[in-house]
2 protein chains.
Amino acid sequence: MSIRIGIMGYGNLGRGVECAVRQNPDMELAAVFTRRAPETVNILTKTAAVCRAEDAASWKDKIDVLILCGGSATDLPKQTPEYAKLFNVVDSFDTHARIPEHFANVDAAARESGKVAVISVGWDPGMFSLNRMYANAILPEGKDYTFWGRGVSQGHSDAIRRIPGVKNAKQYTIPVESALEAARSGKNPELTTREKHTRECFVVLEEGADAAKVEQEIKTMPNYFADYDTTVHFISQEELDKNHSGIPHGGFVLRSGVTGWEKEHHHLIEYSLKLDSNPEFTSSVIVAYARAACRMAKEGQTGCKTVFDIPPAYLSAKSGEELRASML
Amino acid sequence: MSIRIGIMGYGNLGRGVECAVRQNPDMELAAVFTRRAPETVNILTKTAAVCRAEDAASWKDKIDVLILCGGSATDLPKQTPEYAKLFNVVDSFDTHARIPEHFANVDAAARESGKVAVISVGWDPGMFSLNRMYANAILPEGKDYTFWGRGVSQGHSDAIRRIPGVKNAKQYTIPVESALEAARSGKNPELTTREKHTRECFVVLEEGADAAKVEQEIKTMPNYFADYDTTVHFISQEELDKNHSGIPHGGFVLRSGVTGWEKEHHHLIEYSLKLDSNPEFTSSVIVAYARAACRMAKEGQTGCKTVFDIPPAYLSAKSGEELRASML
């Protein structure tokens, strides 16, 4: 029988989950839950229902895993513990500093209900975390580097849009090639986030706005841009629509370490992602972990899990025999 | 209490395990077992015993995990099931085609004894397999590419050494940069192993040997070289010792896949290794999985496991709390 998936929240991530479910023949989308009026939400899957978020509880026995596609700032801290009382759930909670607190809240709820809740799934946190962890376990003496990009930072794009005179904007975070090379070199340099990344901004101005002033405001904005080499390009709305409508992202996780009795040998482990669509890739990771959640729940496991806790094979639709014969 | 490690077989891999154990403060090397006369084997760890392989059984209760460092051709098919009757074991069995058979034999032995046996640990099979598996689970529609090198192939080096007139030789397998770029391009090209790799040979001739004849024999050798672009360099023994005494290796695992309702978005997942010492890196992976074997055994698990079956966190000396706070 197919794994029945529910989606809570139908934004970029929810749509990504819908697409990913379609690519996995052992799954089916049962329902999408939304805070909007259901009749105004057009989903792509003809066989799935669109329901009000408040009615989710009535789907308790018709959904194997509910995927929570809300934001980390306000939605997930509330939603994940709440829905873990009723469903096996997966979320993509990505406020790194608050993960321990979120874990504790979700774990308590999921243990009480006897459900499985997988949190912080995606690529960072998610696949990048996994690669950091594996690489640290293999090379206990070494140094970690994470680079992000080339990719769109939603937070930085929003910050530019709040400047008076700005009509629209898109910001790309770009890894510095020479810093990447330094990290790969085995010399274990100390690199700050600023040294590792530059920021490139494409800005559409309101009519009559002062370009020099806007550029100055961007480049001196504390936290967001002041500490970075920032480039600002002024372009037309047409150009923005044509060349900057995507949501690409990616990055690199490296561990540079040593082995040998005298630590005489150097090793480099590198993992990288180049993603045309950040939300669709994140969704694809989430859907694989939904399969794992379903399997763990069937085995009688309960509580909160992260990517660190889940045997890799649980992500795959293939059996252990198939995996060993084809991929080991 | 420390995890007590035993090493069966003290070649390059065994020495690598010894070095790796030293880098992990939660482990200690208890004993090295050898088929040679123990008094002729000098190990680096002053506190560990050197014992005859036949006496291993008497260490049954003094070792938590026995690491089997023999070869895949004849040693491990016999040793791993045999020692899984007495110990939790880890091996690096790397004959991909015979893994299902090896798994079945080891699983039967380990289930009967109530021990945990982890097989085929290293980087390929091992970390490369894991990355293939994760990437396939995340991007079910796509194409896999594995490139090996730049690195020393022991088998190919040995094959050259068997040619009359050859005194010594070292062979490097080298990924073709343009093929790697094609794999990364998202065009999903079909690439044969030949198109993906070239072979470079450094050969020391016996006095009076015919260089042209040796070169011809290398380049036309079936299976090993005939299907590849092969370069042969004749060098002195001194030059070989000076520049080619290491055992570097590495490679790349890529998955190029698509997402989106119309499969309109492309993604590239890439994992790569650059290793100064192939056996020391392999040993470092094995030692991390020895920690996992010990932990699974303590939980009461039994039977044969592969990297696919083991939760990532089990490889780390850190607790779940520490991992979530520092690496997620």
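## Chain A and chain B: symmetry and interface

In this predicted model, chain B is superposed on chain A by a rotation of 180° with 0.0 Å of shift along its axis, at an RMSD of 0.0 Å. That is the relation of a two-fold axis. Both copies use the same surface, since 100% of the contact residues of chain B recur in chain A.

The interface joins 66 residues of chain B to 66 residues of chain A. The area buried between the two chains is about 6100 Å², and carbon and sulfur atoms give 64% of that area. B:Gln23, B:Trp261 and B:Leu328 supply 16% of the area that chain B buries against chain A, more than any other three residues. Between chain B and chain A there are 0 salt bridges, while 28 residue pairs, both members at pLDDT 80 or more, are in polar contact across the interface. Several elements of chain B each supply at least two residues to the side that touches chain A, among them α1 (12-22), α10 (278-298) and β13 (265-275). Of the elements, β13(B) gives the most, with 11 residues.

The side of chain B that touches chain A divides by class as follows.

| Class | Count |
|---|---|
| Nonpolar | 36 residues |
| Polar | 18 residues |

A:Ser120 lies in the loop between β6 (116-118) and α4 (127-138) of chain A. A:Ser120 counts as buried because its relative accessibility is 0%. A polar atom of its side chain is 2.8 Å from the backbone oxygen of A:Phe93. Beyond its neighbours within four places in sequence, A:Ser120 is in contact with residues including A:Asp91, A:Phe93, A:Ile99 and, from the other chain, B:Leu328.

Note on methods
Residues are numbered from 1 along each chain as its sequence is written. Chains are lettered from A and ligands numbered from 1 in the order in which they are written. This is a predicted model: local features need pLDDT of at least 70, side-chain atom pairs count only at pLDDT 80 or more; totals for chains, interfaces and linings use all residues. Side-chain values use heavy atoms; hydrogens and water are left out. Copies are superposed by least squares on the C-alpha atoms of residues with pLDDT of at least 70 in both. Contact means heavy atoms within 4.5 Å. Helices (H or I, at least four residues) and strands (E, at least two) are DSSP runs, numbered from the N terminus. Buried means under 20% relative accessible area, exposed over 50%, partly exposed in between (1.4 Å probe, protein chains only). A polar contact is a pair of N or O atoms within 3.5 Å; within protein, one must be able to donate a hydrogen and the other to accept it, and residues adjacent in sequence count only if both atoms are side-chain atoms. Buried area is the accessible area (1.4 Å probe) that two parts lose on being put together, summed over both. A salt bridge is a side-chain nitrogen of Lys or Arg within 4 Å of a carboxyl oxygen of Asp or Glu. Ala, Val, Leu, Ile, Met, Phe, Trp, Tyr, Cys and Pro count as nonpolar, Asp, Glu, Lys and Arg as charged, and the others, Gly among them, as polar.
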